[in-house]
Amino acid sequence: CPLVTLAMVLDGSGFPRRSQVFAGNVSEPGTLDSMLTGLGAQSGATVIMDAGIATEANLAWLRERSFHYIVVSRQRAREFEAEGASEVQTARGDVIRIHRVLRPIKPVPVEADTGVELAAEPADSVADPVATPQEAFLYCHSPAREQKDRAIDDTQSQRFEAALEKLQAGLSQPKGAKTIEAVAIRLGRATQSYARAAQHYQVTLHKDEEGKKVTRISWEKRPKPASAAAKPGVYCLRTTLVDHDDASLWRTYTMLTQLEAVFRSLKTDLGLRPAYHRTESRVEAHLFISVLAYHFVHTLREQLKPHDIHDAWETLRTTLSRQQRITVTLLRQDGRTLHLRKATRPEPRHQTLCQRLNLPLNPGGTQQVLS
């Protein structure tokens, strides 16, 4: 099935200003140039991207054309110092702590005609902070994300250790794997299946005197420094907007997550995908309706923000869907039938939303039909 990509330019409040449909059967990192050019993005604009498209080559391309960016850093090492970190309060009341580190921008290695990569500036070189452009790395710690990371790591660790115990038990079974080759193959499969946890384990295969069979398997968990297991709940944002404060940078980046949350709903509830059309005009019309739906969703959320209501679209949709219109049919003594149609009573949370949006508590009114 052909794939298409919907690209959108948003303003500072999150409203789409321009959209365009691109081919979808391409590698994401290679689409940045054509997307920004096709969408007419102005020089000096801020581009927000996830880690999938934020390659070093793309970031260098943005800097060369005077774009700013806020992206998720691809580096695996996580740094976070609670002392001196700034705090940002989310709409849900959680506190995000941010540790900022400024680093000089290093040139991207370029392949010469000979095919040899040119050496980049050494990591420990001293650069003039005034003359050299800088990037800000924001190491953000989220309590909610820490719980999620710990839950994932615990599950992965339990499954990996269960696989090791199963492999250990097989050493005493008549048909169990005992040779070094067979045990190593099964250990490799377990390591590949639970790679997130396996990287933190030191597994030792104890051999017999002849060195051909495994007699015992031992393991020890040693979390790698600066990893998700060692620093759960920490993620890194990378930006060229070094003069902006931590709170504004973090809130600007969360626009991307809010947009992704809305589009997850559009893809499912509003049928953005799959598109069962075969002509280009119908595909574009299908996506155009989805963009209109996003305008509606974002307008509704913007109207609620002044009233300190920052619920996600999924939460709002679930709350508003609880009120329904019902029809009651009554048979009168004279043989005629009375059809009474009205909306159910709104729940307290639903009533609050309706009042803030100036919506009637009894939408559609009460209708009576006598037949």
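**Strands, helices and cut-offs in a predicted model**

Mentor: Start with β3 and strand β4 (residues 68–72), which run parallel and are joined by 4 bridges. Across this pairing, I48 stands opposite I70 in β4. The model is predicted, so local features need pLDDT of at least 70 and side-chain atom pairs pLDDT 80 or more, while totals for chains, interfaces and linings use all residues. Residues are numbered from 1 along each chain as its sequence is written, and side-chain values use heavy atoms, with hydrogens and water left out.

Trainee: What makes β3 and β4 a pair?

Mentor: Strands (DSSP runs of E, at least two residues, numbered from the N terminus, as are helices, runs of H or I with at least four) pair if DSSP finds at least two bridges between them. β3 and β4 have 4 bridges, so they pass that definition.

Trainee: Which strands make up the open sheet, and in what order?

Mentor: The sheet has 6 strands, in the order β3-β4-β10-β7-β6-β5, with mixed pairing. β3 (46–49) and β5 (86–89) each have a single partner strand and stand at the edges, so one side of each lacks a neighbour in the sheet. On average, neighbouring strands of this sheet are turned by 25° against each other, direction ignored.

Trainee: Why is β10 called largely enclosed?

Mentor: A residue is buried under 20% relative accessible area, exposed over 50% and partly exposed in between (1.4 Å probe, protein chains only). In β10, 6 of the 6 residues are buried, so the rest of the structure largely encloses this strand. V234, C236 and R238 point one way, Y235, L237 and T239 the other way, and all are buried.

Trainee: What makes the span of α3 close to the expected one?

Mentor: The expected span is 1.5 Å times one less than the number of residues. Helix α3 (residues 143–170) has 28 residues and reaches 41 Å from its first C-alpha to its last, against 40 Å expected. Its buried residues, among them F160, L164 and L167, pack against α4 (180–193), α5 (195–198), β8 (201–207), β9 (214–221) and β10 (234–239).

Trainee: Why are α8 and α9 called roughly perpendicular?

Mentor: Angles run from 0 to 180 degrees between N-to-C directions of axes, which are lines fitted to C-alpha atoms, for helices over the stretch in contact. Under 35 degrees counts as roughly parallel, over 145 as roughly antiparallel, 65 to 115 as roughly perpendicular and the rest as oblique. Helix α8 (residues 313–320) and helix α9 (residues 348–356) pack at about 105°, with axes 9 Å apart. They are therefore roughly perpendicular. L316, T319 and L320 of α8 make the contact with R349, H350 and L353 of α9.

Technical notes: Contact = heavy atoms within 4.5 Å.
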